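Here is a short note for someone opening this model for the first time. Please keep the structure in view while reading.

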Amino acid sequence: VQLQASGGGLVQAGGSLRLSCAVSGITFVNYDVAWHRQAPGKQREFVARISGAFAENYADSVKGRLIVSRANAKNTAYLQMNSLKSQDTAVYYCQTIWGSTEYWGQGTLVTVSS
């Protein structure tokens, strides 16, 4: 199982970015994909999750600004990030659980300048 996150970069506060997570090695439609983030000096935290049936849930800190989606035909999940704040600066990771094992992408850095 492999996850490849991409799409990070430098953006001004109030701007937008879309992250992608390409997943291989599993029957993608059957598995949830979650996004987590780790800001400098802080612990990794949950951001959003989407199930194979497209049910979504979000951390309170990102509700209304970040939107998780997926394209099962492309084995890819997305995180649309709008109205970005400096507090959103972090490395963003995508994750899935196959069997009893967690699999993580390598992370993509998002830097929001104020």
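1. The model is predicted. Please read each distance below as a computed value from that predicted model.

2. Start with the total. The count of salt bridges comes to four. As background, side chains of opposite charge can pair when their charged atoms come close.

3. Look at R37 next. Its side chain meets that of E45 in a salt bridge, at 2.7 Å from N to O. R37 is buried, because its relative accessible area of 6% falls under 20%. E45 is partly exposed, with a relative accessible area of 37%.

4. R37 also forms a salt bridge with D88, where the closest N and O atoms are 2.9 Å apart. This pair links distant parts of the chain. R37 sits in strand β4 (residues 33–38), and D88 lies in the loop between β8 (76–81) and β9 (90–98). The two are 51 residues apart. D88 is buried, with a relative accessible area of 1%.

5. Which residues do salt bridges with shared partners join into one network? They are R37, E45, R65 and D88.

6. Now turn to D60 and K63. They form a salt bridge, with the closest N and O atoms 3.2 Å apart. Both D60 and K63 are exposed.

7. Last, check S51. This residue is in the loop between β5 (45–50) and β6 (56–58). Is S51 buried or exposed? S51 is buried, since its relative accessible area is 15% and the cut-off for buried is under 20%. Leaving aside residues up to four places away in sequence, S51 touches Y31, D32 and R70.

Key. Residues numbered from 1 in each chain as written. Predicted model: local features only at pLDDT ≥ 70, side-chain atom pairs only at ≥ 80, totals over all residues. Heavy atoms only, no water. Helix = DSSP H or I, 4+ residues; strand = E, 2+ residues; numbered from the N terminus. Buried < 20%, exposed > 50% of the residue type's maximum accessible area, 1.4 Å probe, protein only. Contact = heavy atoms within 4.5 Å.
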